[in-house]
Amino acid sequence: MPDGAELAAMTPNSITDPAALREALAEIRRRGIAVESRESNPDVSCVAAPVRDRTGQVVAALSISVPMIRWSEERRAELEQLAVKGAADLSERLGHRSAA
């Protein structure tokens, strides 16, 4: 998608600028976790972590969606840890071995 074009918004929080989306994706790759704050549903936020196979390729994602009434920054941090742990456990079952 060319830089001047806009993506369709699902909510007022949706990322609609391709450059902003590329920047957000780079941050997700760097952190290894995605956080979505009311971007597809105004009443829900979500965290997600990649699931990798034995070759290290991302083959799925584990996500946790939470109604905003139960969302806070403290809860977000807890959910991030749960998503990362769950995705790591699934990855291990698929034969992935982390470099750490």
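These entries go from the whole chain to single residues.

**Ground rules.** I am working with a predicted model, where local features need pLDDT of at least 70, side-chain atom pairs count only at pLDDT 80 or more, and totals for chains, interfaces and linings use all residues. I number residues from 1 along each chain as its sequence is written, and side-chain values use heavy atoms, with hydrogens and water left out.

**Whole chain.** I looked up the elements and found two helices and three strands. From the N terminus on, they run α-β-β-β-α. Helices (H or I, at least four residues) and strands (E, at least two) are DSSP runs, numbered from the N terminus. The C-alpha trace spans about 40 × 35 × 20 Å along its principal axes.

I then checked burial. Of the 100 residues, 21% count as buried. Buried means under 20% relative accessible area, exposed over 50%, and partly exposed in between (1.4 Å probe, protein chains only). The chain exposes about 7000 Å², and carbon and sulfur atoms supply 53% of that area. Areas come from the Shrake-Rupley method with a 1.4 Å probe; for residues, only the protein chains shown count as cover.

I also checked contacts, meaning heavy atoms within 4.5 Å. Among those between residues at least 6 apart in sequence, 43% join residues at least 24 apart.

**Salt bridges.** I count six in the structure. The criterion is a side-chain nitrogen of Lys or Arg within 4 Å of a carboxyl oxygen of Asp or Glu.

R30 counts as exposed because its relative accessibility is 61%. E27, at 35%, is partly exposed.

Helix α2 covers residues 73-93 and holds both E73 and R76, three residues apart, about one turn. Their closest N and O atoms are 2.8 Å apart. E73 is exposed, at 52% relative accessibility. R75 and E78 form another salt bridge, at 3.0 Å, N to O. These two also lie in helix α2, three residues apart. Both R75, at 30%, and E78, at 39%, are partly exposed.

I traced one network of salt bridges as well: R31, E73, R76 and E80 are linked in it.

**T11.** Is T11 buried or exposed? I find it buried, because its relative accessibility is 7%. T11 sits in the segment before α1 (18-31). Its side chain reaches the backbone oxygen of R38 at 2.6 Å and the backbone nitrogen of N13 at 3.0 Å. Leaving aside neighbours within four places in sequence, T11 touches R38, E39, S40, N41 and P42.

**I28.** This residue is in helix α1. I28 counts as partly exposed because its relative accessibility is 31%. L21, L25 and I28 form a nonpolar surface patch with about 190 Å² of accessible area together. Patch members have over 30% relative accessible area and no salt bridge; like charges are joined within 9 Å, nonpolar side chains (Val, Leu, Ile, Met, Phe, Trp, Tyr) within 5 Å.

**L62.** I placed L62 in strand β3 (residues 58-67). Which residues does L62 contact, leaving aside its neighbours within four places in sequence? I list V47, A48, A49, V51, A83, G86, A87 and L90. C46 is 16 residues from L62 along the chain, and their C-alpha atoms are separated by 10 Å.

Methods:
Polar contact = N/O pair within 3.5 Å; in protein donor to acceptor, adjacent residues only side chain to side chain.
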